Amino acid sequence: WSVNGKLVTNDSSRFKIKSEDNTSTLHLTNISRTDEGTITCTAKVISPDSSPTTVSCSSMLTLEMDHLGSPASIVRGPADTTAMRGDRVMLKATYKGCPEPSVRWLKAGRELSSSDRLKITTSDGVSCLQLGSITADDSGKYVVSVENLYGADCHFASVAVEGPPEPPAGHPSAVRSDDTSVSVAWSSPPYDGGCVLTGYRVEMKTDSSEEWGVVAERCHSLSRVIRNLTTGQVYTFRVRAENIHGASEPSLESNPIKLGHNEQEEEEEDDDLSSQLEPFHVEIQAGDEFVSRYTVHEELGKGRYGVVHKVTDQKTGNIMAAKFVRCIKKQDKEKVQEEIDIMNCLHHPKLLQLVGAFENPKDIVMIMEYISGGELFERVVADDFTLTEKDCIIFMRQICEGVEYMHNNFVVHLDLKPENIMCRTRTSHKIKLIDFGLAQKLKPDSPVRVLFGTPEFIPPEIINYEPIGVESDMWSVGVICYVLLSGLSPFMGDNDAETFANITRADYDFDDEAFDAISQDAKDFISSLLEKRREKRLTAHECLNHQWMTQCDKKTKYVKLCTDKLKKFIIRRKWQPRCERHTG
């Protein structure tokens with residue numbers, strides 16, 4: 001049997017063939033326009049005395065137009081809409097089809113149904129979706145779908161929700177710059193109000209007053225130095241984000257900070273130019289401006305990217321660090337620009353600050369603050385340093401503070417390791433995180449997969465080429481803490497393949513005698529980070545509130561930790577090839 005030239009089979013839901021004796025019957029159900037035309041039955045005659053032949057007969061199927069159905073279709077779809085938070089939005093669609101189509105409204109693949117704030121009405125070819133008291137969560141793409149027996153159709157519309165932004169995330173950081181100045185740093189808001197932020201407003205109060213006053217307006221970066229304060233006074237800060245619709249609610253309050261003379265802090269901060277530098281947006285300038293402004297001194301280090309030199313700013317006399325990055329190909333320059341863009345949005349006391357960039361024919365020079373203290377791990381194994389568990393808490397808190405700030409700004413470092421944790425001075429307990437060459441800016445709707453990192457410190461999801469997130473950094477924080485406390489590398493194998501296998505199994509333990517002197521709280525902290533499933537790992541904020549990390553002001557173990565194994569770890573790392581960063 002064939003209908004309109006198409007062969008009919010018995011597995012069709014609309015066609016059934018029934019054969020009995022010398023009669024074959026075709027049953028058609030739910031007929032449509034596509035069935036109208038010639039219906040043919042063909043039989044093959046097989047005889048022992050002659051060659052096989054075929055016979056056929058045909059008839060015409062004609063449909064009466066009055067009884068025909070029609071496919072469901074959208075006549076006019078809903079329009080894109082922009083509304084203010086708290087307003088009401090209505091999306092309207094007109095449709096047709098016979099029989100009457102079923103209508104569904106969807107958002108992010110989930111079918112919507114009427115609720116307290118959402119009402120859907122459908123009748124006489126019109127369907128309306130009404131949203132009341134809308135919030136930022138209501139923004140996005142809405143889909144209306146119609147379907148009947150003969151066809152389906154859909155249409156979508158975007159709803160943009162605008163209004164004042166949400167408050168900046170987390171607590172602002174307040175750090176003393178000098179006896180009369182405080183550097184305040186904060187994070188961007190989780191939601192910008194649906195439009196571009198126009199700036200930030202910093203507010204301040206003293207311990208002798210409950211009234212908040214504005215001390216800085218139209219700030220276009222994520223930090224500001226507040227000057228001309230009173231020595232001996234205690235100050236607290238908070239920040240509001242602003243857009244064209246107004247200001248957000250205030251952020252959480254900063255830690256209270258008292259200004260006063262402290263010789264040890266002053267000695268450290270004389271060497272820390274981040275407290276003297278006003279954050280600003282760095283743009284790449286011509287190379288001849290670098291030559292005229294900076295004097296180049298000795299080499300500080302080198303790596304896969306190029307070389308770092310100590311330089312002097314002839315205008316200010318400040319000592320800086322200049323990273324000369326080779327840029328032979330167009331992709332090299334694009335990669336440097338990505339690093340500059342990321343550093344432009346990171347202004348925090350625990351993160352290395354970028355202050356300038358200059359382009360030459362074969363390289364780009366990045367000017368950054370000069371950090372004189374060397375690598376953290378080399379500092380703690382020095383003969384004049386006694387490492388205790390309390391010291392480790394102090395260092396890990398600072399690491400997590402810097403990481404929390406990055407993550408609040410949707411930046412993931414992706415190369416956290418001992419070499420990228422520096423001490424501000426040779427005698428300081430204060431650290432900075434450096435090297436944002438592999439860092440990525442995350443977007444909620446764009447999964448990111450990478451195939452690079454340092455083998456001992458990368459998480460399972462990078463090895464398995466799965467989407468990464470801020471949780472990927474937290475795995476590295478756990479490895480760093482494990483090494484700092486014991487001098488041992490938790491997943492180190494005889495080769496990279498064995499190391500990767502240990503990581504993907506999350507195969508580690510605390511059996512070595514190096515952990516005999518380590519508290520259970522510290523082991524619990526590490527275990528909460530070295531979770532194979534990234535969603536189970538502590539966030540940086542949760543780390544700062546962990547029981548082990550909140551012992552700084554309590555009685556903590558002052559037992560001296562043996563650093564012999566840590567010294568061997570450092571020596572081994574120094575002899576490893578620099579190309580290890582790229583595992584892909």
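Rings of Phe, Tyr and Trp (its six-membered ring) pair if their centres lie within 6.5 Å. Planes under 30 degrees apart count as stacked, those over 60 as edge-to-face, and the rest as tilted. By this rule the count comes to 13 aromatic pairs.

The model is predicted, so local features need pLDDT of at least 70 and side-chain atom pairs count only at pLDDT 80 or more, while totals for chains, interfaces and linings use all residues. Residues are numbered from 1 along each chain as its sequence is written, and side-chain values use heavy atoms, with hydrogens and water left out.

Start with Phe290 and Phe358. Their pair is tilted, with 5.7 Å centre to centre and 50° between the planes. Phe290 lies in helix 2 (residues 287-293) and Phe358 in strand 28 (residues 354-359), so the pair ties together parts that are 68 residues apart in sequence. Helices (H or I, at least four residues) and strands (E, at least two) are DSSP runs, numbered from the N terminus.

Both Phe290 and Phe358 are buried. Buried means under 20% relative accessible area, exposed over 50%, and partly exposed in between (1.4 Å probe, protein chains only). For Phe358 the value is 4%.

Phe358 also pairs with Tyr294. This pair is edge-to-face: 6.0 Å centre to centre, 70° between the planes. Tyr294 sits in strand 25 (residues 294-302), 64 residues from Phe358 in strand 28. Tyr294 is buried too, at 6% relative accessible area.

Now look elsewhere. Ring pairs join Trp475, Tyr482, Phe491, Tyr508, Phe510 and Phe515 into a cluster.
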